[in-house]
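Okay, thanks everyone for coming.

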Amino acid sequence: MNAPLFRFLAAFLFLFGSFALGQGDAPVIKIVSSLPRTGSARGQTDTIVNGIVMAIEEAGSKVGNFAIKYEDLDDATAAAGQWTAEKEAANADQAIKDPDVMVYIGTYNSGAAKVSMPKLNQAGLLMVSPANTWPGLTKPGKGDQGEPQKYQPSGKINYTRVVPADDIQGVVSADWAKKLGLLKVFILDDREVYGKGIADLFHARADEIGLKVLGHEGIDAQAQEFKPLMTKIKAGGPQLIYFGGTTQTKAGQLVKDMLAVGLDAKFMCPDGCFEDAFIESAGADNLQDRALVTFGGLPPEKLTGKGADFVANYQKKFGKMPEGYAVYGYECGKVALEAIRRANKKDRDAVRAGGLSIKNFDKGALGKWSFDKNGDTTLRTMSGNTVKGGKFAFMAVLGED
Amino acid sequence: MLIFLQQLINGLTTGTLFALIAIGYTMVYGIIELINFAHGDLFMLGAFLALTIVSALGLEHMGPAGATGGIVLTFVLCMAFCALLNFLQDRIIYRPIRNAPKLTPLVSAIGVSFVFMGIGQIWKGVADINFPDVIPNKNLLGTDSLRFTAKDLLVILVTTPLMAGLTVFVRFTKLGKAMRATAQNPTAARLMGIDVDRVIGWTFAIGGLLAGAASVIYGLTINTVSFQMGYQNGLYAFTAAVLGGIGNLPGAMLGGIVIGLVRSLGSQYVGEQWTSALVFAILILLLVFRPSGLLGTRTREKV
């Protein structure tokens, strides 16, 4: 027999065979995640990946007849030190091309989600984000012009997230500032989707509840120091500096330069700074009782019920406390498995529909919640934290009144 | 008015830092017409060494006397390290290709820059690292409305003598004279019995020396180091060198200070997010009307 004919026959037999036998030898379903695994977000994404791995291992790496495989993709480059659009797009393409991939866990940065969402939507692949908080990704009218429709070219919704979005975080941050008596505030942002988005929401709420906004400026996240900026801010005598940004966009340097010019104010920033890397880059002493960091959900040590079990198991398995986002990684893993269970077949659209149909879900560590029609979680609990002795310390539950 | 003065201080301190690095670019360009792209990354490696030394000695927990001694030691070691590394870079990489077309050393310099960045990445990782706060933020002036801190003083105390010393060195010593001769015409210098390769080696060493000093100052005053700091600061320093007239020593110093001032005053009166744009806009305008830079001599015959 000549070789081409043999190959053709072999392929034919293989195809025919798989039709005939159905799901004989445990078919594989892949879950991939796309997170910044290089750069200073590494510590945070390590714990997210640990959370995902835990969720899959607890299920015995299978759902029904399907063997579950997990692949950990990196959307950051060492040169950039954070996520890049090219890498995120490549990850999305890779996932789409691999017929075994049924769930895409990601992204970490809202800007990255903007890149991969339209691609994955076209492919009908379910996305579950552990950390995106830009409201425009899901909520009509809460983001920019044309959002979120431009991420949904197929007309169907494929994107979900297990964290509360910033329309909640920005608002409760401003409320918290008022409650703490910090009435004169200067607002900074890093001019990225996430940072500017949340800073604008904070600004709007601050105006609404009568905080005095002394100014609002964007910084150049590539700059090395901000003493001139802080000198200018100091002249207005703010009690609080609100920074819409992340550890990667120089939150630490801002704190240092604030102190360097002798500006003694509090420094509030959103969940993008709720990671040990922020404390390391800013210096623990500089943040002591000065940093006010909001976070969607409760910090690990405040979780109860299944959440507390998760924290205990995590510590047992990895030998340290999970960082803030670990529990969301775990929840994403649980959601991915539940979506596959509900679909009960290896079909992207069925898995997508399965994921979005999740209601009153309590198999994870966050308590009972549902996805609403936009793919957002119904959870609204946020926490306010400060830094004591080089560690985040819980201060208050926010947004429940 | 006080704010204006404060921003002048801010601008001058960062500006002199840029100037120190810019000198390394401009000296090397002046003598062999090579834009040594690796210079910024050399500065980064110096800062990493400074961080290693400062953490190893635990300087932030020491008293003033111990800290001062430690800082002096750090300066000496980092300056020596950068000088040696820059010298070796020339000896191993640029000297063998001295007579190759101009593009060859230029591309090699970009390569060296990547190698240095790679070393930095392996050495300290990719995240921003906090540099221990050895020098206090204490204001040395009596009033709180104008601040001149111990950190600002350190910058002035170190950079001024270095720049003055360099100027004297280049103008009045035999080696300085040889450098100027080599810069003017290497062939003629060689005919006059100057060991051109040795002079070039010294030029690299001196450029490295200043970058080493700048790296320690940077760590002690900015308090954050990362493997990318070489790229960012190198870009500004290179711009400073061009602004002042590349190849011209006082020009590099002036260029650095101008950039520092544009950044601080721009942040105060225009807006923080426009500072980088402002620096380069001024550069472009200047080059349109004065292509040789602020102090550069009008197109030399060999260019």
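How many bridges join E5(A) to E6(A), and which way do the two run? There are three bridges, and the strands run parallel. Keep in mind as we go that this is a predicted model. If you want one pair to look at, take A:Met127, whose bridge partner in E6(A) is A:Tyr159.

Now zoom out to the whole sheet in chain A. It's an open one with six strands, in the order E2-E3-E1-E4-E5-E6, and the pairing is mixed. At the edges you've got strand E2 (62-63) and E6 of chain A, each with a single partner strand, so one side of each has no neighbour in the sheet. Then look at H4(A), which packs on the sheet and touches strand E1 (28-35), E4, E5 and E6 of chain A. The direction of H4(A) makes about 160° with that of E5(A).

Chain A has a couple of cis peptide bonds to show you. One goes from A:Gly106 to A:Thr107, with omega near 0°.

Next, positive phi in residues other than glycine. A:Arg191 has phi near 65°, and you'll find A:Arg191 in the loop between strand E7 (184-189) and helix H6 (193-208) of chain A. B:Asn223 has phi near 70°, in the loop between helix H8 (196-222) and strand E2 (224-225) of chain B. So are these buried or exposed? A:Arg191 counts as partly exposed, because it has 17 C-beta neighbours inside 10 Å. B:Asn223 has 27 inside 10 Å, so B:Asn223 counts as buried.

Last thing, the contact between the chains. It takes 32 residues from chain B and 31 residues from chain A. On the chain B side, the elements that each supply at least two residues are helix H1 (2-32), strand E1 (129-130), helix H9 (229-244), helix H10 (249-269) and helix H11 (275-289). H1(B) gives the largest share of that side, five residues. And by type, the residues on the chain B side divide into 20 polar, six nonpolar and six charged.

That's my tour, thanks.

Notes
Residues numbered from 1 in each chain as written. Chains lettered and ligands numbered in written order. Predicted model: local features only at pLDDT ≥ 70, side-chain atom pairs only at ≥ 80, totals over all residues. Contact = placed C-beta atoms within 7 Å. Helix = DSSP H or I, 4+ residues; strand = E, 2+ residues; numbered from the N terminus. Nonpolar A, V, L, I, M, F, W, Y, C, P; charged D, E, K, R; others polar. Buried ≥ 20, exposed ≤ 12 C-beta atoms within 10 Å, placed from the backbone. Pairing = 2+ DSSP bridges. Axes fitted to C-alpha atoms, helices over the stretch in contact; angles between N-to-C directions.
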